[in-house]
Every structure is written in C-alpha cells, then in structure tokens.
Amino acid sequence: MTVHAFIFPGQGSQSVGMGAELAAAFAPAREVFQEVDDALNQKLSALIFEGPMEDLTRTENTQPALMAVSLAVLRVLEKEGGLELKRVAALVAGHSLGEYSALAAAGSFGIAQTARLLRLRGTAMQKAVPAGEGGMAALIGVDLDEARAICAEAAIVRVEGEPDRTEIIEVANDNGGGQIVISGRATAIERAIPIAKARGVKRAVVLPVSAPFHCSLMAPAADAMGEALERAEITPPVVPLVANVSAAKVTDPQAIRDLLVRQVTGTVRWRESVEAMAAMGVDSFVELGAGKVLSGLVRRIAPDAAARSVGTPADIEAFLASL
C-alpha cells in the first residue's frame, strides 16, 4: 500500500496567477482565499491572481499567499474529492513557511490564524535586518560539511593592522541534491562566492532576497514569533509533522511552538527531513500548492519514492484518480 506524505512549498515557489484556475473552478478554493483576505483585511487574493510580482514577492505578502494556495488545493481535495487527510497522508512537512501550511492542513491552526501568523512572520523577518545589510546565496554541487567550511572561512574579516573579526554567515537550507543556501551579512556572502568557487563548488550565486532568512541575524524575528506563538492556540495535528529544525516527527503543541520559534533562525533541514520520511516508510510525496520545487528536490533526495505536485484542477483530478 502506498504511504503518502503531504508537503508544502516555501518562498521562491510564488508566481502571479497561482491558484487563479483553482478559484475559478471551485467554490471551496474561493472560500479559502476569502478567509485569508478577511483575516488580513487586505485583498491578498487580487495580488495573488493579478500581481504585480514586485508586491507579491514582498515577504509579508508571499508567506500568507503561498499558504492560501496550498490550503485552497487541500480544501478542494477534501470538499470536492472527499479526501480525508489523516486517512491518505501518514505525515506532513513544509519548507520554511510551508511548515505553517502543513500545520494548518493537519488542523493545528485555523486558516485565518495561520494567515495572521505568517503576515507577522514575514513583517518581523523583513524588519530584523535593515535592507541591504543581509543576503543569501545558493551553492550548487556541495555537501553540508563543505558549505559549513565555506561559511567559516567567509565569516572572517581581515583588515591590515587590525585584529581579525567575524561576521555572521550560516547554512540556511540544506535542500538536498547538492543544493545548499547560506545566509548572513551581505559582506560575508560576497566573500563566500569566490571562496566557494576556489573550493570547486559548481555554482555559487547571490539570491535576490530581501533579508537573510534562517540565520542568527533573524533573532529579533524569532522573539516576535515567540510572543505570537505563545498566545496562539495550537491543536495536536491529525498526523505528525516532520519539523524543519529537527527532521523528526512531532505532535505535541508545546514542542511545535518551540520548533517554530527555532525555525526562524535555524537551518531548514529539508534533505534530512525527506530522508527521515522515506525511512519511516513514505514512498509517495505529494506537494500541495504553487510550483514544483519540493517535488523536484524529493526526486533527487529519495529517487525511489514517487513525487508529484498538485496545484491545478487537472492535477487534483489526476491525484484523486490515483488513490
């Protein structure tokens, strides 16, 4: 029997028009977008469907927007297809903000609550570091130890006649398939690129992001999320979550709260999370929402498992037919 894990995309999967076909075809999808609009007191759905991309990629918009699309897909599967998550999926997981989508899918958070938490998270992450002072880079063709060594070397600031000092630069995402994202001070990221190339890394590119996510520079955002999550009501998920920072199963609400706070500054251990799910018997990964980033990563990490993305009416029809 096939063992499914439902996985939920993070930042970088957004595109103008995502979810529009879904909303046009299905009332349950429209209800999700309306619920998110009402929760945020903003016509976020119009921004999702029509753009402009520049506004959609602002972190405080991207985070609730991607969650809205993922939950719209799930709601259609449930209401139109009769799918019950706990009967079909053994586990849920999400990449960064996708962890909130996964928890909403599994019933730990309501959709409106999730939208407000992600709006706060996006705003707090943006405010944590002044624009231009932080950055991120993708390293392709590198393992975790090598990436950490590159960070350690790039952290050192040498000025003649002065003692060496260090700047923050850390591994943000271990995405698998030799793809690792590093994050930290913009100047340290700039030093990391030639260091990586000198060490034989296939590609090293600065990413067009607005803040250095998932590194210790995000501590003010972690504090803000700690306060918000302390007040948030969290119900045990109907199936376990495999958490980003532990790459292990969790169902206890207080543990989920702690992991979500740690996640703001911690490494997204996506490769290890997928490996852990495969070791637990998962042989089918189903990415719900926008894009195909995670299903692509899964194919590289767990090539023996099936991976599919479900984000359009045609995808939904095909997935329901496969069950």
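1. A crossing of two helices is right-handed if the near helix is turned clockwise from the far one by less than a right angle, and left-handed if anticlockwise. By that rule, helices α9 and α10 cross in a right-handed way. Helices here are DSSP runs of H or I with at least four residues, strands are E runs of at least two, and both are numbered from the N terminus.

2. This is a predicted model: local features need pLDDT of at least 70, side-chain atom pairs count only at pLDDT 80 or more, and totals for chains, interfaces and linings use all residues. Residue numbers start from 1 along each chain as its sequence is written, and side-chain values use heavy atoms, without hydrogens or water.

3. Back to α9 (residues 144-154) and α10 (residues 186-198). Their axes lie 9 Å apart, at an angle of about 125°. Axes are lines fitted to C-alpha atoms, for helices over the stretch in contact, and angles run from 0 to 180 degrees between N-to-C directions. The pair is therefore oblique; angles under 35 degrees are roughly parallel, over 145 roughly antiparallel, 65 to 115 roughly perpendicular, and the rest oblique. I150, E153 and A154 of α9 contact A188, R191, A192, I195 and A196 of α10, where contact means heavy atoms within 4.5 Å. The classes are six nonpolar, no polar and two charged. Nonpolar covers Ala, Val, Leu, Ile, Met, Phe, Trp, Tyr, Cys and Pro; charged covers Asp, Glu, Lys and Arg; the others, Gly among them, are polar.

4. Helix α2 (residues 27-40) also packs on α8 (residues 111-128). The axes come within 9 Å and cross at roughly 50°, which makes α2 oblique to α8. This crossing is right-handed. V32, E35, V36, A39 and L40 of α2 meet I111, A112, A115, R116 and R119 of α8. Seven of these residues are nonpolar, none polar and three charged.

5. How many residues of α7 (residues 98-105) are buried? Eight of eight. Buried means under 20% relative accessible area, exposed over 50%, partly exposed in between (1.4 Å probe, protein chains only). The buried set includes E99 and S101. Just after α7, G107 has a positive phi of about 85°.

6. S70 sits in helix α5 (residues 59-79). S70 is buried, at 0% relative accessible area. Beyond neighbours within four places in sequence, S70 contacts F8, P9, S101, L288 and G289.

7. An unreviewed UniProt entry places "domain: Malonyl-CoA:ACP transacylase (MAT)" at residues 7-315. That span is 50% helix and 17% strand, with its end C-alpha atoms 15 Å apart.

Note on methods:
UniProt positions renumbered as here; feature names shortened; annotations may be inferred.
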